[in-house]
Amino acid sequence: MHVPDGFLDGPTSVATAGVAAVAVAAALRGARRELDDRTAPLAGLVAVFVFAAQMINFPVGAGTSGHLMGGVLAAVLVGPWTATLALTVVLIVQALAFADGGLTALGTNITLIAVVAVWIGYAVVRLVQSARPQSRRLIPVAAAIGALVSVPAAALAFTGLWAVGGAAPIDLGLLASTMIGWHTLIGIGEAVITFLAVSAVLGARPDIVHAARHLTQQRPLEVRTTAEASS
Amino acid sequence: MSTTTEKPTAPGRRVPLRVLVGIGLAVSLVLAVVVSLFASASPDGLEHVAETLGFADAAADSAVADSPLADYGTAGVENEWLSTAIAGAVGLLITGLVAFGLMRLLARRPVDRD
(Lines give C-alpha, C1' and ligand atoms only; values in the text may rest on other atoms or scores of the structure.)
Protein backbone atom coordinates (compact mmCIF):
# COMPACT_ATOMS: atom_id res chain seq x y z
CA MET A 1 0.00 0.00 0.00
CA HIS A 2 2.64 2.50 -0.97
CA VAL A 3 0.83 5.82 -1.12
CA PRO A 4 1.70 7.82 -4.26
CA ASP A 5 2.15 11.58 -4.41
CA GLY A 6 -1.07 13.51 -4.84
CA PHE A 7 -3.39 11.39 -2.68
CA LEU A 8 -2.97 13.56 0.41
CA ASP A 9 -2.71 17.35 0.47
CA GLY A 10 0.38 19.35 1.43
CA PRO A 11 -0.41 20.07 5.09
CA THR A 12 -1.27 16.41 5.76
CA SER A 13 1.93 15.26 4.06
CA VAL A 14 3.95 17.72 6.12
CA ALA A 15 2.25 16.45 9.27
CA THR A 16 2.95 12.79 8.47
CA ALA A 17 6.55 13.73 7.63
CA GLY A 18 6.76 15.23 11.11
CA VAL A 19 5.33 12.09 12.68
CA ALA A 20 7.78 9.99 10.69
CA ALA A 21 10.74 12.14 11.71
CA VAL A 22 9.86 11.95 15.40
CA ALA A 23 9.30 8.18 15.16
CA VAL A 24 12.60 7.57 13.37
CA ALA A 25 14.48 9.75 15.88
CA ALA A 26 12.95 7.77 18.73
CA ALA A 27 13.72 4.51 16.94
CA LEU A 28 17.38 5.47 16.51
CA ARG A 29 17.56 5.61 20.31
CA GLY A 30 15.32 2.64 21.00
CA ALA A 31 17.06 0.36 18.52
CA ARG A 32 20.35 0.73 20.38
CA ARG A 33 18.78 -1.13 23.27
CA GLU A 34 17.61 -3.91 20.96
CA LEU A 35 20.75 -4.32 18.88
CA ASP A 36 23.98 -6.07 19.70
CA ASP A 37 26.69 -7.81 17.71
CA ARG A 38 24.47 -10.84 17.14
CA THR A 39 21.16 -9.15 16.34
CA ALA A 40 22.55 -6.40 14.09
CA PRO A 41 23.25 -8.76 11.15
CA LEU A 42 19.74 -10.22 11.54
CA ALA A 43 18.32 -6.69 11.41
CA GLY A 44 20.24 -6.01 8.20
CA LEU A 45 18.95 -9.26 6.75
CA VAL A 46 15.38 -8.39 7.72
CA ALA A 47 15.57 -5.14 5.74
CA VAL A 48 16.98 -6.94 2.68
CA PHE A 49 14.36 -9.70 2.90
CA VAL A 50 11.50 -7.21 3.24
CA PHE A 51 12.76 -5.29 0.20
CA ALA A 52 12.90 -8.52 -1.83
CA ALA A 53 9.55 -9.80 -0.59
CA GLN A 54 7.87 -6.49 -1.39
CA MET A 55 8.78 -7.03 -5.06
CA ILE A 56 6.51 -10.07 -5.09
CA ASN A 57 2.88 -9.09 -5.43
CA PHE A 58 0.58 -12.04 -4.86
CA PRO A 59 -2.96 -12.11 -6.27
CA VAL A 60 -5.78 -11.77 -3.76
CA GLY A 61 -8.68 -12.03 -6.20
CA ALA A 62 -10.74 -9.75 -8.48
CA GLY A 63 -7.70 -8.45 -10.29
CA THR A 64 -6.13 -7.18 -7.10
CA SER A 65 -2.78 -7.99 -5.56
CA GLY A 66 -0.85 -7.34 -2.41
CA HIS A 67 2.62 -7.85 -1.03
CA LEU A 68 4.25 -8.32 2.33
CA MET A 69 4.52 -5.23 4.51
CA GLY A 70 6.93 -6.96 6.85
CA GLY A 71 6.37 -4.79 9.91
CA VAL A 72 5.45 -7.57 12.30
CA LEU A 73 7.95 -10.00 10.82
CA ALA A 74 10.64 -7.43 11.57
CA ALA A 75 9.33 -6.50 15.03
CA VAL A 76 9.14 -10.11 16.21
CA LEU A 77 12.61 -10.96 14.91
CA VAL A 78 14.58 -7.84 15.85
CA GLY A 79 12.33 -5.71 18.07
CA PRO A 80 9.85 -2.94 17.25
CA TRP A 81 12.27 0.02 17.31
CA THR A 82 14.68 -1.77 15.01
CA ALA A 83 11.73 -2.81 12.86
CA THR A 84 10.70 0.83 12.45
CA LEU A 85 14.24 1.61 11.28
CA ALA A 86 14.55 -1.39 8.95
CA LEU A 87 11.22 -0.63 7.29
CA THR A 88 12.16 3.04 7.00
CA VAL A 89 15.37 2.12 5.17
CA VAL A 90 13.37 -0.04 2.75
CA LEU A 91 10.78 2.70 2.14
CA ILE A 92 13.44 5.36 1.53
CA VAL A 93 15.29 3.15 -0.99
CA GLN A 94 12.01 2.33 -2.73
CA ALA A 95 10.90 5.96 -2.92
CA LEU A 96 14.24 7.41 -4.03
CA ALA A 97 15.57 4.76 -6.40
CA PHE A 98 12.47 2.91 -7.59
CA ALA A 99 9.74 5.58 -7.60
CA ASP A 100 7.70 3.15 -5.48
CA GLY A 101 5.66 5.36 -3.17
CA GLY A 102 5.71 9.11 -3.62
CA LEU A 103 8.43 11.48 -2.46
CA THR A 104 6.11 13.91 -0.70
CA ALA A 105 4.26 10.80 0.49
CA LEU A 106 7.40 9.29 2.04
CA GLY A 107 6.45 10.53 5.51
CA THR A 108 2.98 9.07 5.02
CA ASN A 109 4.36 5.70 3.98
CA ILE A 110 6.83 5.60 6.88
CA THR A 111 3.99 6.51 9.24
CA LEU A 112 1.66 3.83 7.88
CA ILE A 113 4.08 0.96 7.27
CA ALA A 114 7.07 1.57 9.57
CA VAL A 115 5.08 2.96 12.50
CA VAL A 116 1.38 1.99 12.48
CA ALA A 117 1.76 -1.52 11.01
CA VAL A 118 4.84 -2.28 13.12
CA TRP A 119 3.54 -1.04 16.46
CA ILE A 120 -0.12 -2.06 16.22
CA GLY A 121 0.96 -5.47 14.96
CA TYR A 122 3.60 -5.82 17.66
CA ALA A 123 1.07 -4.86 20.34
CA VAL A 124 -1.18 -7.67 19.11
CA VAL A 125 1.76 -10.09 19.16
CA ARG A 126 2.52 -9.19 22.78
CA LEU A 127 -1.13 -9.55 23.70
CA VAL A 128 -1.33 -13.04 22.19
CA GLN A 129 2.01 -13.98 23.73
CA SER A 130 0.77 -12.96 27.16
CA ALA A 131 -1.59 -15.93 27.10
CA ARG A 132 1.40 -18.27 27.37
CA PRO A 133 4.57 -16.23 27.82
CA GLN A 134 6.82 -19.28 28.19
CA SER A 135 5.70 -20.96 24.99
CA ARG A 136 8.07 -20.92 22.08
CA ARG A 137 5.57 -22.56 19.76
CA LEU A 138 3.12 -19.73 20.30
CA ILE A 139 5.55 -17.15 18.90
CA PRO A 140 5.04 -17.81 15.14
CA VAL A 141 1.28 -18.01 15.73
CA ALA A 142 1.28 -14.73 17.65
CA ALA A 143 3.40 -13.22 14.87
CA ALA A 144 0.92 -14.40 12.23
CA ILE A 145 -2.04 -12.93 14.11
CA GLY A 146 -0.20 -9.64 14.61
CA ALA A 147 0.70 -9.62 10.91
CA LEU A 148 -2.91 -10.28 9.93
CA VAL A 149 -4.08 -7.31 12.01
CA SER A 150 -1.26 -4.98 11.00
CA VAL A 151 -2.27 -4.67 7.35
CA PRO A 152 -5.91 -3.57 7.82
CA ALA A 153 -4.70 -1.38 10.71
CA ALA A 154 -2.46 0.52 8.28
CA ALA A 155 -5.35 0.64 5.80
CA LEU A 156 -7.59 2.16 8.46
CA ALA A 157 -4.89 4.68 9.34
CA PHE A 158 -4.72 5.65 5.67
CA THR A 159 -8.48 6.24 5.74
CA GLY A 160 -7.99 8.51 8.75
CA LEU A 161 -5.38 10.51 6.85
CA TRP A 162 -7.70 10.71 3.87
CA ALA A 163 -10.39 12.14 6.15
CA VAL A 164 -7.96 14.91 7.10
CA GLY A 165 -6.39 15.69 3.75
CA GLY A 166 -7.63 13.42 0.98
CA ALA A 167 -7.52 14.70 -2.59
CA ALA A 168 -11.19 14.02 -3.33
CA PRO A 169 -14.44 13.83 -1.37
CA ILE A 170 -14.99 10.11 -0.83
CA ASP A 171 -17.53 8.61 1.54
CA LEU A 172 -15.35 7.75 4.52
CA GLY A 173 -17.39 4.78 5.68
CA LEU A 174 -17.17 3.28 2.22
CA LEU A 175 -13.45 4.04 1.98
CA ALA A 176 -12.79 2.48 5.39
CA SER A 177 -14.76 -0.69 4.67
CA THR A 178 -13.28 -1.16 1.20
CA MET A 179 -9.74 -0.52 2.41
CA ILE A 180 -10.12 -2.83 5.40
CA GLY A 181 -11.77 -5.54 3.30
CA TRP A 182 -9.05 -5.78 0.69
CA HIS A 183 -6.25 -5.35 3.19
CA THR A 184 -7.60 -8.10 5.40
CA LEU A 185 -7.27 -10.43 2.40
CA ILE A 186 -3.72 -9.18 1.85
CA GLY A 187 -3.20 -9.61 5.61
CA ILE A 188 -3.76 -13.35 5.21
CA GLY A 189 -0.77 -13.49 2.88
CA GLU A 190 1.13 -11.32 5.34
CA ALA A 191 0.28 -13.78 8.13
CA VAL A 192 1.43 -16.83 6.14
CA ILE A 193 4.77 -15.29 5.12
CA THR A 194 5.36 -13.95 8.64
CA PHE A 195 4.57 -17.35 10.18
CA LEU A 196 7.01 -19.12 7.86
CA ALA A 197 9.83 -16.60 8.25
CA VAL A 198 9.54 -16.38 12.03
CA SER A 199 9.36 -20.19 12.31
CA ALA A 200 12.48 -20.55 10.18
CA VAL A 201 14.60 -18.10 12.16
CA LEU A 202 13.23 -19.37 15.46
CA GLY A 203 14.19 -22.90 14.50
CA ALA A 204 17.70 -21.87 13.53
CA ARG A 205 18.54 -19.34 16.23
CA PRO A 206 15.93 -18.91 18.97
CA ASP A 207 18.51 -17.05 21.06
CA ILE A 208 18.57 -14.01 18.77
CA VAL A 209 14.84 -13.73 18.08
CA HIS A 210 13.57 -10.66 19.93
CA ALA A 211 10.22 -12.15 20.88
CA ALA A 212 11.91 -15.30 22.25
CA ARG A 213 14.76 -13.72 24.15
CA HIS A 214 13.19 -14.26 27.54
CA LEU A 215 13.04 -18.00 26.82
CA THR A 216 16.70 -18.61 26.13
CA GLN A 217 18.61 -15.91 27.97
CA GLN A 218 19.48 -16.75 31.50
CA ARG A 219 19.86 -14.03 34.04
CA PRO A 220 23.67 -13.93 34.36
CA LEU A 221 23.91 -13.31 30.65
CA GLU A 222 22.76 -9.71 30.97
CA VAL A 223 26.11 -8.42 29.80
CA ARG A 224 24.82 -4.98 28.98
CA THR A 225 23.57 -4.12 32.45
CA THR A 226 27.01 -4.97 33.80
CA ALA A 227 28.68 -2.71 31.28
CA GLU A 228 26.23 0.03 32.08
CA ALA A 229 26.84 -0.14 35.79
CA SER A 230 30.59 0.09 35.39
CA SER A 231 30.50 3.13 33.13
CA MET B 1 31.46 -1.41 25.03
CA SER B 2 33.00 -4.46 23.45
CA THR B 3 30.09 -6.81 23.45
CA THR B 4 31.13 -10.04 25.06
CA THR B 5 30.41 -12.87 22.70
CA GLU B 6 29.40 -15.46 25.22
CA LYS B 7 28.18 -18.82 24.15
CA PRO B 8 24.41 -19.07 24.28
CA THR B 9 23.41 -20.94 27.37
CA ALA B 10 20.35 -22.82 26.22
CA PRO B 11 20.95 -26.31 24.91
CA GLY B 12 20.46 -27.50 21.36
CA ARG B 13 22.37 -27.12 18.15
CA ARG B 14 22.33 -23.73 16.55
CA VAL B 15 22.92 -22.59 13.04
CA PRO B 16 25.91 -20.24 12.93
CA LEU B 17 24.79 -16.65 12.48
CA ARG B 18 26.86 -16.30 9.32
CA VAL B 19 25.11 -19.31 7.79
CA LEU B 20 21.66 -18.02 8.76
CA VAL B 21 22.34 -14.59 7.27
CA GLY B 22 23.87 -16.18 4.16
CA ILE B 23 20.83 -18.36 3.58
CA GLY B 24 18.52 -15.40 4.20
CA LEU B 25 20.38 -13.26 1.68
CA ALA B 26 20.32 -16.08 -0.87
CA VAL B 27 16.56 -16.49 -0.44
CA SER B 28 16.13 -12.71 -0.82
CA LEU B 29 18.21 -12.71 -3.99
CA VAL B 30 16.15 -15.51 -5.50
CA LEU B 31 12.96 -13.61 -4.64
CA ALA B 32 14.27 -10.39 -6.17
CA VAL B 33 15.80 -11.74 -9.37
CA VAL B 34 13.77 -14.88 -10.15
CA VAL B 35 10.42 -14.97 -8.36
CA SER B 36 9.85 -11.26 -9.04
CA LEU B 37 9.29 -12.12 -12.70
CA PHE B 38 6.20 -14.06 -11.68
CA ALA B 39 4.81 -11.36 -9.40
CA SER B 40 1.22 -10.34 -10.02
CA ALA B 41 0.94 -7.21 -12.17
CA SER B 42 -2.56 -6.47 -10.90
CA PRO B 43 -3.11 -3.22 -8.99
CA ASP B 44 -2.41 -3.55 -5.28
CA GLY B 45 -5.05 -3.10 -2.61
CA LEU B 46 -4.78 0.68 -2.42
CA GLU B 47 -4.67 1.12 -6.23
CA HIS B 48 -7.68 -1.14 -6.60
CA VAL B 49 -9.65 0.79 -3.99
CA ALA B 50 -8.63 4.08 -5.63
CA GLU B 51 -9.87 2.82 -8.99
CA THR B 52 -13.10 1.43 -7.56
CA LEU B 53 -13.96 4.56 -5.59
CA GLY B 54 -12.75 6.90 -8.31
CA PHE B 55 -9.79 8.71 -6.84
CA ALA B 56 -7.00 6.94 -8.76
CA ASP B 57 -6.55 10.04 -10.92
CA ALA B 58 -5.33 11.97 -7.90
CA ALA B 59 -2.07 10.02 -8.01
CA ALA B 60 0.79 12.10 -9.35
CA ASP B 61 4.03 10.81 -10.79
CA SER B 62 6.88 10.76 -8.32
CA ALA B 63 9.62 13.31 -8.97
CA VAL B 64 11.95 10.38 -9.55
CA ALA B 65 9.58 8.57 -11.94
CA ASP B 66 12.26 8.83 -14.63
CA SER B 67 15.01 7.32 -12.51
CA PRO B 68 16.92 4.49 -14.21
CA LEU B 69 15.36 1.94 -11.85
CA ALA B 70 11.83 3.35 -11.68
CA ASP B 71 9.13 0.73 -11.16
CA TYR B 72 11.71 -2.03 -10.72
CA GLY B 73 12.86 -1.96 -14.32
CA THR B 74 16.34 -1.12 -15.54
CA ALA B 75 16.50 1.68 -18.10
CA GLY B 76 17.91 0.53 -21.43
CA VAL B 77 17.55 -3.19 -20.75
CA GLU B 78 15.11 -4.71 -23.22
CA ASN B 79 14.83 -8.20 -21.77
CA GLU B 80 12.00 -8.14 -19.26
CA TRP B 81 13.51 -10.63 -16.87
CA LEU B 82 16.97 -9.08 -16.95
CA SER B 83 15.50 -5.62 -16.48
CA THR B 84 13.67 -6.65 -13.30
CA ALA B 85 16.51 -8.85 -12.09
CA ILE B 86 19.09 -6.06 -12.31
CA ALA B 87 16.77 -3.60 -10.59
CA GLY B 88 16.06 -6.13 -7.85
CA ALA B 89 19.71 -6.98 -7.31
CA VAL B 90 20.70 -3.32 -7.16
CA GLY B 91 17.86 -2.67 -4.72
CA LEU B 92 19.05 -5.48 -2.47
CA LEU B 93 22.59 -4.17 -2.59
CA ILE B 94 21.60 -0.59 -1.66
CA THR B 95 19.20 -1.76 1.06
CA GLY B 96 21.79 -4.17 2.41
CA LEU B 97 24.61 -1.63 2.52
CA VAL B 98 22.46 0.95 4.30
CA ALA B 99 20.72 -1.46 6.66
CA PHE B 100 23.71 -3.60 7.66
CA GLY B 101 25.80 -0.45 8.09
CA LEU B 102 23.20 1.37 10.17
CA MET B 103 22.40 -1.59 12.40
CA ARG B 104 26.03 -2.33 13.00
CA LEU B 105 26.70 1.28 13.89
CA LEU B 106 23.81 1.35 16.35
CA ALA B 107 24.87 -1.94 17.91
CA ARG B 108 28.29 -0.50 18.65
CA ARG B 109 27.01 2.58 20.40
CA PRO B 110 26.89 2.37 24.17
CA VAL B 111 23.35 1.78 25.27
CA ASP B 112 22.53 4.78 27.43
CA ARG B 113 24.80 7.65 26.76
CA ASP B 114 22.76 10.72 25.99
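This is a predicted model: local features need pLDDT of at least 70, side-chain atom pairs count only at pLDDT 80 or more; totals for chains, interfaces and linings use all residues.
Axes here are lines fitted to C-alpha atoms, for helices over the stretch in contact, and angles run from 0 to 180 degrees between N-to-C directions. Helix 3 of chain A (residues 71-78) packs against helix 7 of chain A (residues 172-204) at an angle of about 20°, and their axes are 9 Å apart. Angles under 35 degrees count as roughly parallel, and helix 3 of chain A and helix 7 of chain A are therefore roughly parallel to each other. Helix 3 of chain A passes helix 7 of chain A in a right-handed crossing.

On the helix 3 side of chain A, the contact is made by Gly71(A), Val72(A), Leu73(A), Val76(A) and Leu77(A). Helix 7 of chain A brings Glu190(A), Thr194(A), Ala197(A), Val198(A) and Val201(A). The residues of this contact between helix 3 and helix 7 of chain A divide into 7 nonpolar, 2 polar and 1 charged.

## Helix 3 across helix 5

Helix 3 of chain A also packs with helix 5 of chain A (residues 106-129), here at an angle of about 60° and with the axes 8 Å apart. Helix 3 and helix 5 of chain A are therefore oblique to each other. The crossing of helix 3 of chain A past helix 5 of chain A is right-handed.

In this contact, helix 3 of chain A contributes Gly71(A), Val72(A), Ala75(A) and Val76(A). They meet Ala117(A), Val118(A), Gly121(A), Tyr122(A) and Val125(A) of helix 5 of chain A. Sorted by type, the residues of the contact between helix 3 and helix 5 of chain A are 7 nonpolar, 2 polar and no charged.

Between them, chain B and chain A bury about 6100 Å², with 72% of it on carbon and sulfur atoms.

## Asp207(A) and its salt bridges

Over all chains, the structure holds 3 salt bridges. The count between chain B and chain A is 1 salt bridge: Asp207(A) pairs with Arg14(B), and their closest N and O atoms are 3.6 Å apart.

Asp207(A) also meets Arg38(A) in a salt bridge, at 2.9 Å from N to O. Asp207(A) lies in the loop between helix 7 and helix 8 (213-216) of chain A, while Arg38(A) lies in the loop between helix 1 (10-34) and helix 2 (39-53) of chain A, so this pair ties together parts that are 169 residues apart in sequence.

Definitions and conventions
Residues are numbered from 1 along each chain as its sequence is written. Chains are lettered from A and ligands numbered from 1 in the order in which they are written. Side-chain values use heavy atoms; hydrogens and water are left out. Helices (H or I, at least four residues) and strands (E, at least two) are DSSP runs, numbered from the N terminus. Angles under 35 degrees count as roughly parallel, over 145 as roughly antiparallel, 65 to 115 as roughly perpendicular and the rest as oblique. A crossing is left-handed if the near helix is turned anticlockwise from the far one by less than a right angle, and right-handed if clockwise. Contact means heavy atoms within 4.5 Å. Ala, Val, Leu, Ile, Met, Phe, Trp, Tyr, Cys and Pro count as nonpolar, Asp, Glu, Lys and Arg as charged, and the others, Gly among them, as polar. Buried area is the accessible area (1.4 Å probe) that two parts lose on being put together, summed over both. A salt bridge is a side-chain nitrogen of Lys or Arg within 4 Å of a carboxyl oxygen of Asp or Glu.
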